[in-house]
Amino acid sequence: MGQAPETSSRRLPTIPPLDPQRVSLIEQAGLTVKQLDPLGVEIYGADVRTKFSEPLIEALEAEMANRGFIVFKHQTDLSPDELIAASKWWGAREIHSTHGIHPATPGRNRHIFRCSNDQRHGILGVGPQWHNDGSFEAATFSHSAYYMARAPEQGGGTHFAHQGAAFDALPKEKQAFWQRLVSVNSASSVTHPVVHTHPISGRKSVWLHLGMTGAVLERLPEDGLSIDELQKAPATADQFRLLDEDDMKALFNDYNDLMNESFDQGYGIRYHYDNGDLLFIDNWALAHRASPEAHLPAHQQGLRIMDRVTIKARQDLAPHFGLPQYINVSGPNPFNSDGVWQAGGVGFRWKDDIPMQN
């Protein structure tokens, strides 16, 4: 039989398998590697209290960039200092903490953000919608650690979607449109590209915060300029337009649908934790949200306690088109275009009936 013709302008989303050379290096350190389907990696036999070699750290960081996350299994009873030390293996090797401290946080350590489904044990209701951590920072966190100090007996994990594979899944016309977009954070006025090139994997990857975006700019196309040429060319204010309310709702719903479709299309996973799981994500490669079960009360689901640590990136996630890293969204709109220009902690409300605490 002949090969069936393509019936769509979409490319099939792909996530590369584990690299055999990196697997060999990891196994030489006495560790066992399990590739999860369709993304993620579990590591058995590790003790993160012991410093890994630089080649091993580099191999694991590359696998995170390609497959989204790694999980060190059976890391029970980590102290705050031990958790923080292991988190410093990645990115700029520096913790970047921007959160408050819950009274139940171990040692009141400022680098640990404790989440729970019981307010006596941690912050409630964190991350119900798709997002990336630290979208209000120029150098958004390169990696985040999620340490399951106590897994609930009835389950309650995290949903992950691969942002590079998500870009592949977009129709070509939306790929072109999204690559001309820059978001403005409603809380900090920081700007980020809606599509960026991942610094390790080299993949074009989508990036949009559903809870704290106050404006989105479109660089208008120019005849004869490719998207790569357009992104590198500085532009004047009249070469941009602000997305209006209908455009913003369409974009946000498209992004939300793209993430939700990840489970059926092979670039998303619903991960369930065991006690002592230490999961690291590549925050530039992966979007995530808490599963609905994670927010059910402790008396119904079992007590859930998760500690998050966030790691500074080596570089800023800078916008294209010569735009500055900050555009004051609390001030006047500097573009000759009507559209959404909204400051505040929550940002544009693209849907009224869902919680936005991210």
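These are my notebook entries on one predicted protein model.

**Entry 1: ground rules**

I number residues from 1 along each chain as its sequence is written. The model is predicted, so I ask pLDDT of at least 70 for local features and 80 or more for side-chain atom pairs, while totals for chains, interfaces and linings use all residues, and side-chain values use heavy atoms, with hydrogens and water left out.

**Entry 2: the whole protein**

I looked up the secondary structure first. The protein has nine helices and 16 strands. Both are DSSP runs numbered from the N terminus: helices are H or I with at least four residues, strands are E with at least two.

Next I checked the radius of gyration, taken over C-alpha atoms. It is 20 Å, close to the 21 Å that the globule rule gives for 358 residues, so the protein is as compact as a globular protein of that length. The globule rule is 2.2 Å times the number of residues to the power 0.38. Along the principal axes, the C-alpha atoms fill a box of roughly 55 × 55 × 40 Å.

How much of the protein is buried? I found that buried residues make up 55% of the 358. Buried means under 20% relative accessible area, exposed means over 50%, and partly exposed is in between (1.4 Å probe, protein chains only).

Contacts came next (heavy atoms within 4.5 Å). Of the contacts with a separation of 6 or more, 80% join residues 24 or more positions apart.

I also looked up the charges. There are 32 positive and 43 negative side chains, and the centres of the two sets lie 3 Å apart. Lys and Arg count as positive, Asp and Glu as negative; His and the chain ends are not counted. Each charge is placed at NZ of Lys, CZ of Arg, CG of Asp or CD of Glu.

I went to the start of helix 1 (residues 20–28). A side-chain oxygen of D19 reaches to within 3.1 Å of the backbone nitrogen of Q21 there. After helix 1 comes G30, with a positive phi near 85 degrees.

I moved on to E63, which lies in helix 2 (residues 54–67). Is E63 buried or exposed? E63 is buried, at 1% relative accessible area. Leaving aside neighbours within four places in sequence, E63 is in contact with L18, D19, R22 and G68.

Most residues other than glycine have a negative phi, and most peptide bonds are trans. I looked for exceptions.

The peptide bond from D37 to P38 is cis, with omega near 5 degrees. P38 is in the loop between strand 1 (32–35) and strand 2 (41–44).

R108 is not a glycine, yet its phi is positive, about 50 degrees. R108 sits in the loop between helix 3 (80–87) and strand 4 (113–116). R108 counts as exposed, at 53% relative accessibility.

S189 is not a glycine either, and its phi is positive, about 70 degrees. The loop between strand 7 (181–185) and strand 8 (191–193) holds S189. S189 is buried, at 8%.

**Entry 3: the loop between strand 4 and strand 5**

I looked up two residues here. F141 is in the loop between strand 4 and strand 5 (143–150). F141 is buried, at 1%. F141 and W350 are 209 residues apart in sequence and 25 Å apart in space, C-alpha to C-alpha.

D118 is in the loop between strand 4 and strand 5 as well. D118 is buried, at 12%. Setting aside neighbours within four places in sequence, D118 is in contact with L124, A298 and L303.

**Entry 4: T158**

My last stop was T158, in strand 6 (residues 158–162). T158 is buried, with a relative accessible area of 4%. Which side chain makes a polar contact with the side chain of T158? That of Y273 does, at 2.7 Å. A polar contact is a pair of N or O atoms within 3.5 Å; within protein, one must be able to donate a hydrogen and the other to accept it, and residues adjacent in sequence count only if both atoms are side-chain atoms. Not counting residues up to four places away in sequence, T158 touches residues including I269, Y271, H288 and M306.
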